[in-house]
Amino acid sequence: MSQISLKDLRHSYVAQPAGDDDWALKRLNIDWSDGGAYALLGPSGCGKTTLLNIISGLLAPTEGSVWFGDKDVTNIAPDLRNIAQVFQFPVVYDTMSLFDNLAFPLRNRGVPEPQVDAKVREIAEMLDLTGMLQDRASGLTADAKQKISLGRALVRTDVNVIMFDEPLTVIDPHLKWILRSKLKELHQAIGTTMIYVTHDQTEALTFADQVVVMHEGTVVQTGTPVELFEKPRHTFVGHFIGSPGMNVLPCAVANGVPMFAGTQVPTDHPVAGAESAARLEIGVRPEFVSFAEDGIPVNIVKVADAGRYRIVDARHGETVIRLLVSDGEQVPSDGARVRFDPAHTQVYADGWMIT
Amino acid sequence: MSTKTVNQRAWLFVLPVVLLVAFNAVIPLMTVVNYSFQETFGDNVFFWEGTKRYEQELHSERFHAALGRQLAFTSIILVIEVPLGVAIALAMPKRGPWVSVCLVLMALPLLIPWNVVGAMWNIFALPEIGLLGRTINAIGIDYNFTQSPVAAWFTTVLMDVWHWTSLVVLLAYAGLCSIPDAYYQAAKIDGAGAWATFRYIQLPKLKRVLTIAILLRFMDSFMIYTEPFVLTGGGPGNATTFLSIDLVKVALGQFDLGPAAAMSLIYFMIILAVCWVFYTLMMRGEEQ
Amino acid sequence: MTLELRNVVKRVGLETHIHDTSLTLKEGGFNILLGTTLSGKTTLMQLMAGLERPTAGQIWFNGADVTGVAVRKRNVAMVHQQFINYPHLSVFENIASPLRVAGVRGGEVTERVGKVADLLKLTPMLTRRPGELSGGQQQRTALARALVKDAGLVLLDEPLANLDFKLREELRDELPKLFEGHGRTVVYATSEPVEALLLGGHCATLHEGRVTQFGETAKVYRAPQDLRTAQVFSDPPINIAEIIKRGGKLVLSDEVSWPAGERAAALPDGTYTLGIRPHHVSPAAHEPGEVSVEGRVLVTELSGSESVIHFELGGRTWVSQSHGIHPFRVGDAARFDVAMEQCLYFGQDGELFAA
């Protein structure tokens, strides 16, 4: 086990990358400390799979290097990197029993049979598979198969990192939380570095202590779930994390105070240096917008009932501001005004939060 | 949940095929059954013979010999063609421009009419003028397939392997291409070598297509007629007289329609039984 | 145009897929079929479309019995979960295909396709093939094809299920607007309660081939007439406990009993099933008048803006759903407040006890 570092990593699928668009990954520097639970989160095409393949060694980066501890592994083959991977679709060896499946990686490495037996039983116990060890792997349910895939990673003691590539895709929605729970528990118990790649925010935030949000080949923010929710560093993060996403409203800054449509929008956060930006925006989550006596005048255009709260679309001019109103609270009909909570209102210059 | 719709009128669409099959298969088959149980001396007068023909046929040495040759031939070509076909499929490129080149090359022998294959190999293997025949003789081996039974068998088997291995290759290749990359990556990560990858990933995933390939090759080779007939005519002597060649000799050469009918029905039952047993065994393995 | 099912039954072999069902769908808004996989949503839709024939009962459309009428003679459009388009045709030709089949010619085709493409933001993609589009655009094309046809009955079978969740959010917002008016009857199948709520309209909850309730979506959610309906209409699953009401107390177990509160006070003494939605069980804030429980945390699922905490209490799994990020660790003991006034009480026959 060791720390994983990506140094000045860039990758392009084009032979002679010219413009910015040719780079699938645009210069990354990431340090992942030993034993952490990390997630790579982003929509399809953001570069997360490319990054995963570079770490596992299936792809050689165009520039930069990958380090496991103090060892440069950039040009080392996947099977020599001591990594383990759980794929989107469960990979089990159909003709083998569940026991032999779990024993396979150890036997391939020449581990003596008594040790194999002990280790397999230990891991099977953790995964609640003990009673099924002699069953053939082919007839099992998707969640049991995915547990086997995970088990083959866990039996090994030489693993630097376990990588998960959308591992819950084929799991029945009602059973997902059970596997999520199991994964968290295992990480707490074993302490191997784990990297979880997904486009699903619930998967990422539930699993990881640190979430790396990717967008168009760059890392837009690395942070805890709380940080991503309360202080999105980029408007993309605000939009992508949370449902509904953050309101991103065009604004101007006058005398150090953000202005939206002629109304001052007070904020507790810095606005310095905003003047030089080409594009200025206010970011405020629907959770932190409320109806008020004074504030921005709006027309209510839509109220959608989500059960425990309602999502209100309030329009000012051409801009729609979303807010959440809890069940039981009144939605005013005429002359409504909204205000933003200054503690959770940030200003973004060219997409990036001013700090 | 089933999505089938029950519509009785659909049967009307099947009617032409039912008629076609009736005239093509069912009526001739019933005629053969009829002949096998009865004796006639012409004039449409028939005498009931019961199962006498079958008993005679099943005890005839000539039938035993032909059946023995047939089983030997089928076993030999299966033992060669299936592993060879899988090996070639494994060696073929999985992507890139060479894929289509390989596929076309592989498909070529399958496109040649059977009698042409026989004629080609006949000329190819002739000791005086054929390339194969002359080459073998040139390296000091006495080879003449029209005189030596061993040479005749060797040539027949080689011809069949050349003609039909491609079928196994194409089926196995299609099977291999359908294995997701994740399986190979997982095997690498688990530290599996090439043999373990083949044994635990590729072979299990090929089981279905190989079942089909073996069934097809069994049936085809068991019924083989045109190619050896053109190549060797069943000779030298009776060395390559397989069941179907023998059957034609009895039916058309000697015009013994009754025994030929009984023989062909026994022949048919053997193929049916072997296919059924084989398929059941393979599929039972599948379910477990 | 109205669609009516009269005592429809569907049996396949010995299995009954749809039990005796009578349902009159509402013209105009959405008619939502809500249920888990295999609850019978798809079968019911196929019966409505005429792809399946009912074993018994009749289907009436616009006052005429259409039970045995072939699909192509009915004016029906359908969109599936998978993105189904003609891969060899351009987006334009894909959208135009139902018109071509109907024998519409020339300028009218261009005009109608143009209009629908505009509505679905497909105008820039009209010359491309479906294979070159993103998932969201492919599904928009399929929706456009259903829309251009002017069908009296539009069936949408989980059309958003295969999309990334941000795209799902976006398209879900647009869908009701797209299909409103024109006297269409729109049927929408989904397995997600929140989606059903946000789409509004009317909702039929399905469980194992039976419609448990049909009515205005928000009303079915707030006043489910029985326990099954409440369970179908709750994600995360509604918390359930057997309780005995005795005088002013609700007895949960030998150790735990709660004051009955205003709402439960009206109940006669006896045994009930208590149902409480996850968002009425929240991490303890010690507000007065609320009952609190302590449980062992199994997992905290974070969705970006809310936390779903699964915990164990008295041998059952309970779920709490709350706004904001509350990352409890697996195995922690935590206290939760239960909003007793929001509880639903079901009698032993499963019927809601209207307090």
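**Chain C and its interface with chain A**

Put together, chain C and chain A bury about 2,900 Å², with 55% of that on carbon and sulfur atoms (buried area being the accessible area, 1.4 Å probe, that two parts lose on being put together, summed over both). The model is a predicted one: local features need pLDDT of at least 70, side-chain atom pairs count only at pLDDT 80 or more, and totals for chains, interfaces and linings use all residues. Residues are numbered from 1 along each chain as its sequence is written, chains are lettered from A in the order in which they are written, and side-chain values use heavy atoms, with hydrogens and water left out.

On the chain C side, 30 residues are in contact with 36 residues of chain A (contact meaning heavy atoms within 4.5 Å). Between the two chains there are 5 salt bridges, each a side-chain nitrogen of Lys or Arg within 4 Å of a carboxyl oxygen of Asp or Glu. E301(C) and R180(A) meet in a salt bridge, at 2.1 Å from N to O. Strand 16 of chain C gives the most to the side that touches chain A, namely 5 residues (strands are DSSP runs of E, at least two residues, and helices runs of H or I, at least four, numbered from the N terminus). Sorted by class, that side of chain C has 11 nonpolar, 11 polar and 8 charged residues; here Ala, Val, Leu, Ile, Met, Phe, Trp, Tyr, Cys and Pro count as nonpolar, Asp, Glu, Lys and Arg as charged, and the others, Gly among them, as polar.

As for chain C itself, it has 9 helices and 20 strands, and its C-alpha atoms fill a box of roughly 75 × 45 × 35 Å along the principal axes. Of its 355 residues, 53% count as buried (under 20% relative accessible area, with exposed over 50% and partly exposed in between, 1.4 Å probe, protein chains only). H280(C) sits in the loop between strand 14 (270-276) and strand 15 (281-283), and is buried at a relative accessible area of 17%. Leaving out residues up to four places away in sequence, H280(C) touches D337(C), V338(C), A339(C) and Q342(C).

The largest nonpolar core has 105 residues, of which F164(A), V211(A), V338(A) and F340(A) touch the most other members; such a core is a set of buried Ala, Val, Leu, Ile, Met, Phe, Trp, Tyr and Cys residues joined through side-chain atoms within 4.5 Å. Helix 2 (residues 98-108) of chain A gives the most to this core, with 6 residues. Apart from it lies another core of 45 residues, including A77(C), V91(C), L156(C) and Y188(C).
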